[in-house]
Amino acid sequence: MKATNLKERAINLHREHAGKISVVSKIDIQTEDDLSLAYTPGVGDVCKEIAKDSNKVNTLTSRGNMVAVVTDGTAVLGLGDIGPKAAMPVMEGKSILFKQFADIDAFPICLDTTDVDEIVAIVKALQPTFAGINLEDIAAPRCFEIEERLKKDLDIPVFHDDQHGTAIVVLGALINALKLVKKPMEKTKIVINGAGAAGISIAKLLLTAGFAGITLVSLEGIVCEGVDWMNASQAEIAKRTNLHQINGTINEAISGADVFIGVSGPAALKQSHIMKMAKDPIVFALANPIPEIYPEEALAAGAAVVGTGRSDYPNQINNLLAFPGIFRGALDSGATDITEEMKIAAAYAIANMVDDKELRADNIIPSALDKQVAVEVAKAVANNAKKKSIQSSSVS
């Protein structure tokens, strides 16, 4: 399909429907009795029930199944800082995916501010309406502070999908890719090209999952303790990565690496880089729409397994495999937070969707359109949340 044709069709679809979402009533009001039950006077008694016990808001209203998709429009897809109005089509699309893959009622909240304090205050004020907060397309490093403060202040799940959704699916894909090349995670040398929100989150989750040999590379160079160009988030992750304290660029970092994970930009990885990697290298080139290297080039240079963020190549590493099930499981279990253990459980659930008998270089991860993935991820997240709740109760 030509890009120009896709562009025209996408714009026409959005114009024809004036966007992609609408509010649909669960009940039909035809009679005075219907009106009395759904609105006044009957609704007053429902309000009183919630006033007596605020927890009933999740069973007497839609709130328990509602998630806010919040953005400031500063890091939208590969488009960058295009503003909150231009971000709206993406947030509408995200809301559709929540509904279609996890039956969650999600609503776009596009904020006309980039001030961290204002964003935190606005989202905190939304807590009576929503049972979960999905932060989306907020630029680093502000996204780290916004999420950290909201997780601390709110008693509902908060999840920045650009960070954690990507990290979860990368871990799921990496689990299966390493099975194929028969390499243990604890001895695997990983280079992450891109030290923004996604790159740092991937590094953190991989460290928690048991990987140790991780090096991040930014446009300025290798993330290393002591260099003066790092922001606070990069300085923090530098303490846990690049164990041999190497300096330089991707040229130095890639030598002998088992895995390359790109969350950077087009053509950042060359065939010559892959030729310097360890035997049977794994390449996840996730920049979209143009990856760090195209799969055919990576395979020709000796890559054993290749994944991208694109739907027109095998092994699409797509956040859609994670976020619907993550929130479904969190809402169903009444979780107040999405923990690192839940994320790892989700990653293994994704990996396990590909049976060992079906595992091959061009099939390490399920299709992004497989709705059963969200079901299995939700189960894994809910089970982990319940286990943690039981453990907390026993300690108390």
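Colleague: In this predicted model, which residue has its backbone oxygen 3.0 Å from a polar atom of the side chain of Asn242?

Modeller: Asn242 sits in the loop that runs between helix H10 (232-238) and helix H11 (250-253). A polar atom of its side chain is 3.0 Å from a backbone oxygen, and the residue that carries this oxygen is Ile246.

Colleague: Does Asn242 count as buried or exposed?

Modeller: Leaving out residues up to four places away in sequence, Asn242 touches Ile214, Thr215, Ile222, Val223 and Cys224. A residue is called buried when its relative accessible area is under 20%, and because the value for Asn242 is 1%, this residue counts as buried.

Colleague: How many of the residues that line the second largest pocket are charged?

Modeller: This pocket has a volume of about 890 Å³, and among its 23 lining residues the closest to its centre are Val23, Val24, Lys26, Ser62 and Asp105. Helix H2 (32-38), helix H3 (42-52), helix H5 (84-102) and strand S2 (105-110) are the elements that give two or more residues to the lining. Divided by kind, the lining has 14 nonpolar residues and five polar ones, and the number of charged residues is four.

Conventions:
Residues numbered from 1 in each chain as written. Predicted model: local features only at pLDDT ≥ 70, side-chain atom pairs only at ≥ 80, totals over all residues. Heavy atoms only, no water. Helix = DSSP H or I, 4+ residues; strand = E, 2+ residues; numbered from the N terminus. Buried < 20%, exposed > 50% of the residue type's maximum accessible area, 1.4 Å probe, protein only. Polar contact = N/O pair within 3.5 Å; in protein donor to acceptor, adjacent residues only side chain to side chain. Contact = heavy atoms within 4.5 Å. 1 Å grid on protein atoms, 1.4 Å probe; cavity = no way out; pocket = protein on both sides within 12 Å on 5 of 7 lines; lining within 4 Å. Points joined across faces, edges and corners; volume = space filled by probe spheres on them. Nonpolar A, V, L, I, M, F, W, Y, C, P; charged D, E, K, R; others polar.
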